Amino acid sequence: MLCACADTAPAMPALWVGLVALALSPLALSETCPGQAGTPGLPGIPGMPGRDGRDGEKGEKGAPGEPLQPGLVGEKGQKGEPGPQGVSGKIGRTGPKGPRGAVGPPGEPGEKGKSGYYDLALQSAFSVTRRTTHPPREGEPVLFTTVITNINGHFDIQTGKFRCKIPGTYYFVYHASSKDHLCVNLMAAGKKMASFCDHKINTYQVNSGGLAVRLRKDEEVWLETTLYNQMLGTAGKESVFSGFLLYPE
């Protein structure tokens, strides 16, 4: 068996020593010279990596964790995406009326309107005269022979009657002349509205009167003689009957 001692073996280079160590068996390298400590050997070459071991068996179930203390709130999560729009609910009750707002600025002036007093459709007036020696019959409308004014033709010269076409308030006036007693009734809607009488004192009698009458559509107004009237209108003397709309309704 080869034995290298420090006092007998000559010094060898480190490389040669390594080669010798590789050539010797592990048993030979384990031997030392009597009374001498051996030189530490060089580390061996690393072995090949081993294979992975088998998976271990499943462990036992662990003990349950401690419950969360009451009152503790976790961290707020991230905001999710908006969901689809829901069905509209019922309309709620009307709330209390709020305070009145401030007055707004004045608006632009509108177009100039037409006055009803100048609207031909809202005009009604007439004046007719009578000059004749033929006395009218008692209880019949007095007929007139001449038309002075008859706006919109509401007075019928054939019947001696005015027919209301525009409901409202009218004013009627008359002036009559006669050689005898003079009594005239102002009739409206088939009723006597007023009676005007003047008995004979002089050669000629003159009588006049006026009355405001409220009329509905198609009601008529006329003058009518009485028992005490012998003649209305004489030669050279005229009797006049007039009427006009005060204001429409």
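I looked up tyrosine 171 and recorded it as partly exposed, because its relative accessibility is 30%. I then located tyrosine 171 in strand β5. The model I am reading is predicted.

I next examined the surface around this residue. I noted that Tyr171 belongs to a nonpolar patch, together with Val173, Phe244, Leu246 and Tyr247. The accessible area of these residues together is about 410 Å². I traced the patch to β5 (168-178) and β10 (239-248), the elements that give two or more residues to it. Of the contributors, β10 gives the most, with three residues.

I turned to glutamate 219, which I found in the loop between β8 (205-215) and β9 (220-225). Leaving aside residues up to four places away in sequence, I listed its contacts as Phe162, Arg163, Cys164, Ala189 and Arg214.

Finally, I checked the confidence of the prediction. I recorded an average pLDDT of 76 for the protein chain, with 67% of the residues scoring at least 70. Confidence is highest in strand β3 (residues 155-156), at 96, and lowest in helix α2 (residues 26-30), at a mean of 47. I marked two stretches where pLDDT stays under 50: residues 1-12 and residues 25-32. Beyond four places in sequence, the model has eight contacts for residues 1-12 and five contacts for residues 25-32.

Key:
Residues are numbered from 1 along each chain as its sequence is written. This is a predicted model: local features need pLDDT of at least 70, side-chain atom pairs count only at pLDDT 80 or more; totals for chains, interfaces and linings use all residues. Side-chain values use heavy atoms; hydrogens and water are left out. Helices (H or I, at least four residues) and strands (E, at least two) are DSSP runs, numbered from the N terminus. Contact means heavy atoms within 4.5 Å. Patches are made of residues with over 30% relative accessible area and no salt bridge: like charges are joined within 9 Å, nonpolar side chains (Val, Leu, Ile, Met, Phe, Trp, Tyr) within 5 Å. Accessible areas come from the Shrake-Rupley method with a 1.4 Å probe; for residues, only the protein chains shown count as cover. A salt bridge is a side-chain nitrogen of Lys or Arg within 4 Å of a carboxyl oxygen of Asp or Glu. Buried means under 20% relative accessible area, exposed over 50%, partly exposed in between (1.4 Å probe, protein chains only). pLDDT is the predictor's confidence in each residue, from 0 to 100.
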